[in-house]
Amino acid sequence: MAPLWPLHGANLGTLARTCDAVGACLTVPRFPWVPEALARGNTLRKPLCTHWTGDPLGWLVRQRERGVRIVGVELAEESVRLGDLPAAREPTVVVLGHEQSGIPPEALDLLDVCVEIPMVGTGASLNVAVAGSLVLYRLAGLA
C-alpha cells in the first residue's frame, strides 16, 4: 500500500492497521509528520512492515522496473470498478493520491490500472484510509 501523497495523519494509522490485517506493507514518504502519525495510529503488537521513500515518482518507476503491478485508486476514464478488480496473483502496489487532488498527473502514466470505488451519495471521494482498506481487502481476496 503506497499513500505517497498523504494529507491527514490519522488516516495513515488506520491504513497501517488494515495493511497488517491483510499481510501488506506500507510505503510512505519521508514527510516530517509521517513517523508521528504512524506511531500514534499503530495499535499493533508487532512493528508494521514500513518502507520509506523520499521520491514517490522515482519509487514508482523502480517498482515498474521490478515488474510489480501498480494499481491506482483514482477516477479515470478507463477505471475498473472495485467489484470487478480481481484478487492479486502477483506482487502489487496500490497507489493512493492526495485526498484533495488525487494521484498527480505525472504518476498516472506509471499505473497499470486505475480502480474506482462506486458511490451513490453526494460525496466526491472517500478518505485515504477507507478507500485503501476497501482496495486492499479486494486484492487480498478477502472481500
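Reader: What is the torsion about the S-S bond of Cys25 and Cys49, and which hand does the disulfide have?

Author: A disulfide is a covalent bond that joins the sulfur atoms of two cysteines. In this predicted model, the torsion about the S-S bond of Cys25 and Cys49 is about 80 degrees, so the disulfide is right-handed. The two sulfur atoms lie 1.9 Å apart, and the structure holds 1 disulfide.

Reader: Which parts of the chain does the pair link?

Author: The pair links distant parts of the chain, with its cysteines 24 residues apart. Cys25 is in the loop between α1 (9-22) and β2, while Cys49 is in the loop between α2 (34-41) and β3.

Reader: Where do the side chains of strand β2 point, and how does β2 run relative to strand β3?

Author: Strand β2 comprises residues 26-29; Leu26 and Val28 point one way, Thr27 and Pro29 point the other way, and all are buried. Strands β2 and β3 (residues 50-53) run parallel and are joined by 4 bridges. Opposite Pro29 stands Thr53 of β3.

Reader: How many strands form the open sheet, and in what order?

Author: The open sheet is formed by 5 strands with parallel pairing, in the order β1-β6-β4-β7-β5. Its edge strands are β1 (2-3) and β5 (80-81), each of which pairs on one side only. Within the order, strand β4 (residues 69-73) pairs with strand β7 (residues 113-116) in the parallel sense over 3 bridges. Val73 has Val115 in β7 as its bridge partner.

Reader: Which strands does helix α5 touch, and what angle does its direction make with that of β6?

Author: Helix α5 (residues 128-139) packs on the sheet and touches β1, β4, β6 (92-96) and β7. The direction of α5 makes about 160 degrees with that of β6.

Note on methods
Residues numbered from 1 in each chain as written. Predicted model: local features only at pLDDT ≥ 70, side-chain atom pairs only at ≥ 80, totals over all residues. Heavy atoms only, no water. Buried < 20%, exposed > 50% of the residue type's maximum accessible area, 1.4 Å probe, protein only. Helix = DSSP H or I, 4+ residues; strand = E, 2+ residues; numbered from the N terminus. Pairing = 2+ DSSP bridges. Contact = heavy atoms within 4.5 Å. Axes fitted to C-alpha atoms, helices over the stretch in contact; angles between N-to-C directions. Disulfide = S-S within 2.5 Å.
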